[in-house]
Structures are given as C-alpha cells and as structure tokens.
Amino acid sequence: KYHNKPCCAVDLNRYRDLLDDNKLKNAFGKFEAVDVLHDTNLFKLGISELSPVEGYNKHQKSLNDKPVTDYSTCSVYILKLVNDLILDPSMEKVLLALSILENYRKYDPHNYDTSVWVIALYIHLGCIPLAYEHYLQLKIKSVQIDTTDFLMYSHFSTLFPSKPHDFIQRVQENFQKFCNSSVDRLSQFIQIGLERKSYSKILGMLEFRDRLERSTMRWLLFSENIQLARLCNDKRGEQLQNMHKAWRKLEMTGSQGFSDNRDWEIFSRGMQKDNLPAVLQYLNLNDKSVALKCIREFMIELIPSRQTDQKLDAYLEELVNPNGLQTSLNNSLDPSDAWSFEVFYDLYKNDGANMQSLLEKIDIKNQESSTWRLSHEYLTRLHTLKTLDSFKRVKDTALKRLIKNKTNQLRENCDDLYSDYMKQLTNACEKLNKGQNAQLLKSLSYVPLNSADLKNSLLTVQKTVRNL
C-alpha cells in the first residue's frame, strides 16, 4: 500500500544515501498495480527507467480522469524538464519552459508547484501583470503572506509601480492587516495558554511575534513603499515615522538582525537563497540587502537638512566595514541599487564630492535591455535622479543641469528600450517553432507560447513606467 502514496518518496528520501538502488527497484517491482503515484515515486527516488517525457506521456491520460480541483503528481516530470531548461537562462529556454508549464496548466490548473514556477518565470521576463493574474489564483492568506509574498513583491516598486492597480494596493493593505490581526490576537492566545497551563505554547507565541516583527519581508516592504512614494512624488512622512518606530523596537531587543521567514522550498526540495538559479535572481536579497535599503531611506531623510545621526553612522560603519563600501554593496545589492546607495552615501557623508563622476556612470549604452532588470534598472535610476532633483541642498548649477539632463535622456529612451525588448521576445518565441524546441513540444503534444500575451503585459508595464 505504501508504494503509491504521496508520502512514500518523501519519507524514503530522508534515508536515500543508506538505501541500495537495486533493492529499492526490486521492492517496487513486486507490485502489479502500477499507477502515476507509483511511477512518480520511483522518479523522485532517482531509480525510474523512464525519462521525463516518457513518464509524462505514459500517464497523460490520468490528467483527464482526475477531478478538476485535484492536482496530479505528473507535475514531477514537467518540473524536471523545466529545471533542466532553466540551467541555460537564455530567453529562448525560459520561454520554452513557460510554454511547457502553460500547456500543462490546462490539464492541472490548481497545481501549486507548477503555478509557482509560472509566476517566477513571468516576473523574470518582467511581465508583472501576467504573473499577478496567476498569483491571485494561489489565494495566499494568513501566515503565507509572510512566507510566500516574496515571490511576487521582492522588488515591486521598481517592477510595476502602478498605484491604481490591485498589484500595489494588495501589498500595502494585506501585510499590515495580517501583522495587526496576528499581534492583536496574540495576547488573547497567551491568556488562554496560561489558563490551560500550556506554557510551551506561550513561548512559541512569543517567538512568532518576534519573528513577525523582525520579518525580512516586513522590512523590505517598509523600504519598497517609501521608495515607491519617492518615485511617484508622494508624501512619505508617515511611512518614515512608522519605519522609525519599528526600528526603535528592534533596537530595544538589542539586535537589528532580521528573521528570514521566506519559504524557499516552494520551488523545490533543498532550494535556498544561497543557491538560486539565474531566473530567480530577482529574489536574491539577504539581510544585509534589506538593511542597506532601509538605511538608504534614513540617509535620504537627513540629507536636505544636512543633519547627521550617530546611530545611523554606526550602522553604516558596521555594514561597510571591514570590506569597504564598494565590496559590501556589490556583495549585497544588484549594480543599479548599489549605484543608487553610493550616490546618497556620497551626499550624506561627503557632501556630494564624487557626485559628478557617479552621475556620469549613467549611460543608455549600459542600460539593461531585457528581463526584469530592464524595468528595475530604469526605475532605480529614475527614482534616484528624481530624488536628487528635489534636493535644495544641491546648489551647483552645472550639477543640477547634469541631473536634469540625465533624467531627460532616461525618459527619452524609455519607449525604445521596451520596443527593442518586445522584438527580442518575439524573435525568441519564433524559435520555439524550430529545431529541438519544436521537437520537445511536439513530443508532449504542446504548442509554443504566444508572444502577443507577453507583449501586451509588457506594454502595460511600459505605459506605467513612461508616465512616471
């Protein structure tokens, strides 16, 4: 009875190094009733004689027989194909992986494992509206907001900063509601624990509150929301007050360390933030990255008044040393965020002594021209330049003219950047009909991804970006 249960491979893989392959094969070979669960368990244990395509085609009929709301373990074969394809992060291979996933979802629309990869690959391509449509179908709620929202919202202010869109409204409302409801009810649960003498549960509740207040996603959202306000020329006083208040609470605990509650295993067993594939690099944010983003906002707050803060200086010293500013930034932030931090750091610490050379680094020739990095780099540069332009502290006429010129150059090239990227996507989609790509899709009875949906999604992003 155990050979065709979902828990079989999970349990045996814990002792996989101690189990002999031949004995495992012999044990599984004794069963006459072979179904999709039996074969996928063999595949998960690494002893299946079937390739992913053969395994999928053998059990493809089972997808039609199952209830619509159930999900099939056939996804194991599909995810193996996808993980092999994304080892090569070229646009062609990413689109081929998406073609396979989207075709599979027609038969297994509620499969969580494949849905997560669909969302991640659309975000990698910068097609945020398409990714968000799929994300809503996951119906994320309660504590999942803290453990899973990172999939969609790790760089939301520089990927699709459309304030009227539900994408932005949801992140601003839901996380705060979750935090408030969890913290408000905690005292009630602790009281019940005391009444029932369940003291071990009280410790768990206190730990939960601590992990929630120090949540990596909570602090990332603090900085992203303030960054969004700067990008959209909105007031950010209240948001800064809230972040200061929460930061003081952290100081009272004696540690500014964050709690990384993100669930990396939603992608695959053993996945960690230190071994992310190239297509998941938009999620590559560690505790130091989040701290630097928060500290950047604190610096920006103080720059107009020429004030300094001893605690802020101490945090900067701690984050920058012992490797030096440039090395610390390169190890924790992507190039555009590192450049932005360096600009505000120079203004805060050196009164803009190196501003000229930092601004001259912005060149349309070295602008990222594809994937999520196109929007991210463009908007990071834009919000940095817009913030600089708003500072009355910058008095030098030539420097102010340079800031305005760089901003204008950036905006003038916006449409060309997105048009060129759409052409790249169209060309890559056309290649899915040729050679080995077409053979793989044909072997699964699948059709290539339509570039029209991708271009429409990118056009929505482009219109939002252009209007900023």
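Which residue forms a salt bridge with Asp 351? In this predicted model, for which local features require pLDDT of at least 70 and side-chain atom pairs count only at pLDDT 80 or more, totals for chains, interfaces and linings use all residues. Residues are numbered from 1 along each chain as its sequence is written, and side-chain values use heavy atoms, with hydrogens and water left out.

The partner of Asp 351 is Arg 393, with the closest N and O atoms 3.0 Å apart; a salt bridge is defined here as a side-chain nitrogen of Lys or Arg within 4 Å of a carboxyl oxygen of Asp or Glu. Arg 393 is located in the loop between α20 and α21, and Asp 351 in the loop between α18 (335–350) and α19 (355–359), so the pair ties together parts that are 42 residues apart in sequence. Helices (H or I, at least four residues) are DSSP runs, numbered from the N terminus. Arg 393 counts as buried at 12% relative accessibility, whereas Asp 351, at 44%, counts as partly exposed. In these assignments, buried means under 20% relative accessible area, exposed over 50%, and partly exposed in between (1.4 Å probe, protein chains only).

The crossing of the two helices is left-handed, that is, the near helix is turned anticlockwise from the far one by less than a right angle. Residues contributed to the contact (heavy atoms within 4.5 Å) include Tyr 378, Arg 381, Leu 382 and Leu 385 of α20, and Ile 403, Lys 404, Thr 407 and Leu 410 of α21. By class, the contact has six nonpolar, one polar and seven charged residues. Ala, Val, Leu, Ile, Met, Phe, Trp, Tyr, Cys and Pro count as nonpolar, Asp, Glu, Lys and Arg as charged, and the others, Gly among them, as polar.

In total, 23 salt bridges are counted. One of them joins Lys 58 to Asp 39, with 2.9 Å between the closest N and O atoms. Lys 58 belongs to helix α4 (residues 52–65) and Asp 39 to helix α3 (residues 36–44), so this pair ties together parts that are 19 residues apart in sequence. Lys 58 is partly exposed, at 48% relative accessibility, while Asp 39 is buried, at 5%. A salt bridge also forms between the side chains of Asp 108 and Lys 66 (3.4 Å, N to O). Because Asp 108 lies in the loop between α6 (91–105) and α7 (112–125) and Lys 66 in the loop between α4 and α5 (75–85), the pair ties together parts that are 42 residues apart in sequence. Asp 108 is buried, with a relative accessible area of 0%, and Lys 66 is likewise buried, at 16%. Elsewhere, a network of salt bridges links Glu 224, Arg 230, Lys 293, Arg 296, Glu 297 and Asp 337.

Two further loop residues were examined. Ser 259 is placed in the loop between α14 (237–252) and α15 (287–302) and counts as buried at 8% relative accessibility. Apart from neighbours within four places in sequence, Ser 259 is in contact with Arg 211, Arg 214, Ser 215 and Thr 216. Asp 70, in the loop between α4 and α5, is partly exposed, with a relative accessible area of 39%.
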